[in-house]
Amino acid sequence: MVTGGAGFVGSHLVDELIARGHVVTVLDDFSTGRRTNLRTPRRKRCLKIIEGDVRDRKVVARALADPALVFHLAAVTSALDWPMFVNDVNVAGTVNL
C-alpha cells in the first residue's frame, strides 16, 4: 500500500511497484495528489484506489486489509501557514496508520 500514492513521489513509486509485478493499493484524499497521476493502462489491473484520509480509522483499516507492506507518503506541507492542520495530518495520521 502507498499512502499519498496520487502525489508526485507516490505515483512514481506506484509505477515502479507495478512494473515489478506488484498489486498496489493507494490511499489518498486527493487534496494535493491527482487522479491523473494514477491513470495509465498498465495500472488498471494492478491498482486499487481508496479515497480517504489517513486520520480516518475506518478508511485506514479498509486500506490495510490486504497489504504486506506500507509506504507512508501521505503528508501535508506548508507548516508555517497551517501548523495545527499539518500536525494533525502528519502526526495523528501517522499514529493512526
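Me: What radius of gyration would a compact globule with 97 residues have, and what does the protein have?

Reply: This is a predicted model, and for 97 residues a compact globule would have a radius of gyration near 13 Å, which agrees with the 13 Å that the protein has. Taken along the principal axes, the C-alpha atoms fill a box of roughly 40 × 25 × 15 Å.

Me: How much of the protein is buried?

Reply: Buried residues make up 36% of the 97 residues. The accessible surface comes to about 6,300 Å², and 56% of that surface belongs to carbon and sulfur atoms.

Me: And the secondary structure, what pattern does the protein follow along the sequence?

Reply: Along the sequence the pattern reads β-α-β-β-α-β-α, with 3 helices and 4 strands in the protein.

Me: Let's take α1. Which of its residues are buried?

Reply: In α1 the buried residues are Gly-10, Ser-11, Val-14, Leu-17 and Ile-18. These residues lie on the same side of α1, because they cover an arc of only 120 degrees around the axis.

Me: What do those buried residues of α1 pack against?

Reply: They pack against β1 (2–3), β2 (24–28), β3 and β4 (71–72), whereas on the other side of α1 Phe-8 and Val-9 are exposed.

Me: What span should α1 have, and how far apart are its end C-alpha atoms?

Reply: Helix α1 covers residues 8–19, and at 1.5 Å a residue its 12 residues should span 16 Å; the end C-alpha atoms are 17 Å apart, which agrees. The residue that follows α1 is Gly-21, with a positive phi near 95 degrees.

Me: Which residue has a positive phi although it is not a glycine?

Reply: That is Phe-30, with a phi of about 60 degrees. Most residues other than glycine have a negative phi. Phe-30 lies in the loop between β2 and β3, and its relative accessible area of 14% is why Phe-30 counts as buried.

Me: Switching to charges, how many salt bridges does a search of the whole structure find?

Reply: The search finds 4 salt bridges. Side chains of opposite charge can pair when their charged atoms come close. One of the bridges joins Arg-20 to Glu-16, where the closest N and O atoms are 2.7 Å apart.

Me: Is Arg-20 buried or exposed there?

Reply: Arg-20 counts as exposed, because its relative accessibility is 61%, while Glu-16, at 38% relative accessibility, counts as partly exposed.

Me: Which residues are linked in a network of salt bridges?

Reply: The network links Asp-53, Arg-55 and Asp-88. The side chains of Asp-53 and Arg-55 meet at 2.6 Å, N to O, and in the salt bridge between Arg-55 and Asp-88 the closest N and O atoms are also 2.6 Å apart.

Me: Last one, what span should α3 have, and what is the distance between its end C-alpha atoms?

Reply: The 14 residues of α3 should span 20 Å at 1.5 Å a residue, and the end C-alpha atoms are 19 Å apart, which agrees.

Key: Residues numbered from 1 in each chain as written. Predicted model: local features only at pLDDT ≥ 70, side-chain atom pairs only at ≥ 80, totals over all residues. Heavy atoms only, no water. Buried < 20%, exposed > 50% of the residue type's maximum accessible area, 1.4 Å probe, protein only. Helix = DSSP H or I, 4+ residues; strand = E, 2+ residues; numbered from the N terminus. Expected span 1.5 Å × (residues − 1). Arc of directions from axis to C-beta. Contact = heavy atoms within 4.5 Å. Rg over C-alpha atoms; globule rule 2.2 N^0.38 Å. Areas by Shrake-Rupley, 256 points an atom, 1.4 Å probe, with all protein chains shown as cover.
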